[in-house]
Amino acid sequence: MRPGPLLIAPAIAMIALFFAPLVTMARRSFVSDAGGGMTLENYARFFGDPYYLTALAVTLGTAVLVTVITLLLSYPLAYTYWRARRRLRSILVVLLLSPFYANVVVKVFGWMLLLPTDFLNGYPAIVVVSVHRSMPFMVLLLASAMARIEPEWLESARVCGASGRRVFRTVVVPLSMPGVVAGGIVVFSLSVAAYVVPALVGGASRGQFLPVLMYQQIAIAQNWGFGAAIGVILLATSIVTIGLGNRVARAGRIGRVMSDGFAG
Amino acid sequence: MASPGKWLLAGYNVLAYAFLLAPIALIVVLSFSNSATLAFPPQDLSLRWFRYLAGRDEFLTATIVSLQVAALASIGAVMLGVLAALALVRGRLRGTAVIEGALMSPLILPGIITGIALLQFFTATGLVRSFDRLVLAHLIICMPYAIRSVGACLRGIDPALEDASRTLGANGWRTFRRVLLPLLRPGIVAAFIFSFVTSFDNVVVSMYLIGADTVTLPIRILTYLEWQFDPSIAAISTVFIAVTTVVVFAAEGLTGMSRRPSV
């Protein structure tokens, strides 16, 4: 049976409904909120104002910080998961999937209960909660990369006389790099675009995060053009990150990076 | 690795999983509190706050809206996903890679941008009913999961079975219904469940598209967090966690997701 190409038409129509709004948004970003024709005014406002430039730097810098901390904290968990026997592994997957599938609002609420009030509304709280939110993604992606390492390879390294530490450093770490890149991209993109976490636990520093600024511009100030421009800048950041990640992956000959799970 | 290293690693694992689970566990415990505040540990255990919830219309309405949107969006996503997967995997399309990339793109785009873009687009094109907006938007973000799940399942089915059915005289539709559809069932179940959870869980796309009478459950919780801070939020969060957990682990039982290498 050869299904006709027409079968894909409905899905294509639906995806057109996804791309058309992006074009609308991009066009809207060139229209002044004061009215009138096409202009670069919104972008000039963003890149001409130190406040927005700082916000861009804080948003990107925080995403890098969260990605690095998440990677360091997740690697031992992924390693344990990979080395675990079947029984332990089925317990660990439940422990990982519970926070993975818990709604972000619910998780943030849990942290509001857990963190002391003076710590809560500020920059450190954003980092802690973002790391918490990102860890299950990172562990699962690292573990799925490690799953492709054959146990025999470790054994042959041992047989050839390498110490446990050396096997880890020269076999496990290099072979898990696809997971590091994939996890890094997913967590970075997730953090750059996060709205709920900075909005709820960020206190005054929430105003330094682009997704929050974008929401405020559109939903509260009704500056649709300026909000759209912030959206385009965020979008460009995501695309550049994924592109760079894929390039790193190719340069290191570690395959194409899977990018998945940007639920928001 | 040496033995002390192993113990260190085990100890770290315990701490890290405690960190991952603490906020969720705390919510569940506090939802059974009998007091008026969110103090830990709770003095008495009771179902007081669940009874309170049952009497609050806004939570019931939000739950119903969320379930309706998730059901409609998932059904639509699965139907389109089956068709698209058939064309991508079995049809000899030109430029399959490009088409597949385009179909997967909602996964890559930050939800907050999808939300804003759809809001501006729907407003510009005059689609004003917020329920329709929500269902369409959720269908779009669920479709990649559906295509991927059904496609993965279809790749594992031997095309010779379909050829045999055709050789024995069944037409295309009959082959699909009697041969492919039963074999695709695990993929379809997984697609439906992934889509359902994705939709039920969504905050940042819905945030722009809801109307006064179509507030979804996570957004209702979000707005409550801003002004009401009592165990009722813990109770509704516990209900939320319970629904997601049941769906996810039912899916796990039905399809064995954890045996697959990817998330």
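**Setting up.** I'm working with a predicted model, where local features need pLDDT of at least 70, side-chain atom pairs count only at pLDDT 80 or more, and totals for chains, interfaces and linings use all residues. Residues are numbered from 1 along each chain as its sequence is written, while chains are lettered from A and ligands numbered from 1 in the order in which they are written.

**Chain A overall.** I looked up the elements and got 13 helices and 0 strands; helices here are DSSP runs of H or I, at least four residues, strands are runs of E, at least two, and both are numbered from the N terminus. The C-alpha trace of chain A spans about 75 × 65 × 30 Å along its principal axes. I then checked burial: 46% of the 264 residues of chain A count as buried (20 or more other C-beta atoms within 10 Å of the residue's own, with C-beta atoms placed from the backbone). Next came contacts (C-beta atoms, placed from the backbone, within 7 Å). Of those in chain A with a separation of 6 or more, 75% are between residues 24 or more positions apart.

**α3 and α10 of chain A.** I took helix α3 (residues 50–83) and helix α10 (residues 177–192) of chain A, whose axes come within 8 Å and cross at roughly 140°. The axes are lines fitted to C-alpha atoms over the stretch in contact, and angles run from 0 to 180 degrees between N-to-C directions. Among the contact residues I noted A:T59, A:A63 and A:V66 of α3(A) and A:G183, A:G184 and A:V187 of α10(A). By class I have 8 nonpolar, 7 polar and no charged; Ala, Val, Leu, Ile, Met, Phe, Trp, Tyr, Cys and Pro count as nonpolar, Asp, Glu, Lys and Arg as charged, and the others, Gly among them, as polar.

**α6 and α8 of chain B.** Here helix α6 (residues 130–155) and helix α8 (residues 172–201) of chain B pack at about 155° with axes 8 Å apart, so α6(B) and α8(B) are roughly antiparallel. The contact includes B:H138, B:Y145 and B:C153 of α6(B) and B:P186, B:G187 and B:F194 of α8(B).

**Between the chains.** The contact takes 76 residues from chain B and 70 residues from chain A. On the chain B side, helix α1 (residues 3–31) gives the largest share, 14 residues. That side has 57 nonpolar, 14 polar and 5 charged residues.

Methods: Buried ≥ 20, exposed ≤ 12 C-beta atoms within 10 Å, placed from the backbone. Contact = placed C-beta atoms within 7 Å. Parallel < 35°, antiparallel > 145°, perpendicular 65-115°, else oblique.
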